[in-house]
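Could you walk me through this protein model in plain terms?

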Amino acid sequence: MRDPYEVLGVTKSAPHAEIKKAYRHLAKKYHPDHNKNDPKAASRLAEINAAYEIVGDEEKKAKFDKGEIGADGKPRFAGFEGFGGGPGGFGGFSRGAAGPGGARFDFAQGFDAADILSDLFAGMGRRGAGGAAAGAAPRRGGDVVATARVSLETAVRGGSARVVMPSGRTLDVSIPAGVEDGQQIRLRGQGQAGPVGAEPGDALITVKIAPHPHFRIDGRDLRLDLPVTLYEAALGAKVPVPTLSGTVELAVPPGSNGGRVLRLRGKGLPAAEGKAAGDLYVSLKVMLPEAMDAEFEATMKKWRDGRPYDPRKGF
């Protein structure tokens, strides 16, 4: 695996903000949604995500910089590269040097490889693969985060969404009916693999509801701008209004100004997980006719000259 600094195009001394900025730029550039005709984009994104998992995490970055872990995030065991590498002829262990777990090696009288390996791995067993004390549970794998973008209809009725994980692999995530924008779904065991004997981490999926052509989401409520005619606003009327469950009639009171907000109870996001259904707030938007004929223009002039009023009074 390539050096993570090289992958992200930053230096080892780059601050966290610069590393994060570089990661976001590259992740957006190589996201499969923007590279549908490039089969290599997914693998490039996986490499970018893997690099950021190392240098984007302060603890892992420090270990990588010290040489304690490699670019793949796995521990490095210094000085155990094979026989004949260092003083004493055993991969960097000198005469009387201490090995992992406190085991010591004295080659003054020669050595038996089986005895050395036995001492070595016995010491590691006492500390554990991750340096934990004997009897401690192996550390679980890390959690990963991703975003599921769904339509408002999917959020309301439930369904599934395909999510690209930081590793580049895809998951089909089940979306429960009535999910809210920003709600998080936990997928057990879909995160990073843990050390030997440890369970994997989880995937934390944040649901983002895509913009709708008519409705705006406000928590569990919905908001809608509804065009009405001048005479409907002036005289009052019953007008059709779209909702998530079909069209309903809304009573517009006489003398309604543009911007007046009317509420339809229970017509927002449906009830879910013990939460009540939201409401639909309808803002009236008074519209003039697309083509004004001579009669309409004459009427407006008559109002202007005979019944003037100042809607901006107090501004």
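The briefing below starts with the whole chain and then moves to its sheets, cores and a few residues.

This is a predicted model, in which local features need pLDDT of at least 70 and side-chain atom pairs count only at pLDDT 80 or more, while totals for chains, interfaces and linings use all residues. Residues are numbered from 1 along each chain as its sequence is written, and side-chain values use heavy atoms, with hydrogens and water left out. The chain has eight helices and 13 strands; helices (H or I, at least four residues) and strands (E, at least two) are DSSP runs numbered from the N terminus.

**Confidence**

- The mean pLDDT of the chain is 80, and 79% of its residues reach 70 or more; pLDDT is the predictor's confidence in each residue, from 0 to 100.
- Where pLDDT is low, the predicted coordinates should not be read in detail.

- E3 and E7 run parallel and are joined by seven bridges, and Val150 stands opposite Ile209 in E7.
- Another open sheet has four strands in the order E8-E9-E13-E12, again with mixed pairing.
- Here the edge strands are E8 and E12, and each pairs on one side only.
- Strand E9 (residues 221-229) pairs with E13 in the parallel sense over eight bridges, and Leu222 stands opposite Leu280 in E13.

**Inside the protein**

- Of the 315 residues of the chain, 31% count as buried (buried means under 20% relative accessible area, exposed over 50%, and partly exposed in between, with a 1.4 Å probe and protein chains only).
- The largest nonpolar core has 36 residues, and those with the most contacts inside it include Met165, Ile205, Leu226 and Leu280; such a core is a set of buried Ala, Val, Leu, Ile, Met, Phe, Trp, Tyr and Cys residues joined through side-chain atoms within 4.5 Å.
- A second, separate core of 20 residues includes Leu8, Leu26, Ala27 and Ala71.
- Not counting residues up to four places away in sequence, Met165 touches several residues, among them Asn49, Val144, Leu171 and Ile205.

**Two residues to look up**

- Lys285 lies in strand E13 (residues 280-287) and counts as partly exposed because its relative accessibility is 46%.
- Leaving aside neighbours within four places in sequence, Lys285 is in contact with Leu226, Pro227 and Val228.
- Lys285 and Pro227 are 58 residues apart in sequence, and their C-alpha atoms are 4.6 Å apart in space.
- Where is His212? His212 sits in the loop between strand E7 (203-209) and strand E8 (215-218).
- A polar atom of the His212 side chain lies 3.2 Å from the backbone nitrogen of Phe215.
- His212 also touches Leu152 and Glu153, not counting residues up to four places away in sequence.

Terms used. Polar contact = N/O pair within 3.5 Å; in protein donor to acceptor, adjacent residues only side chain to side chain. Contact = heavy atoms within 4.5 Å. Pairing = 2+ DSSP bridges.
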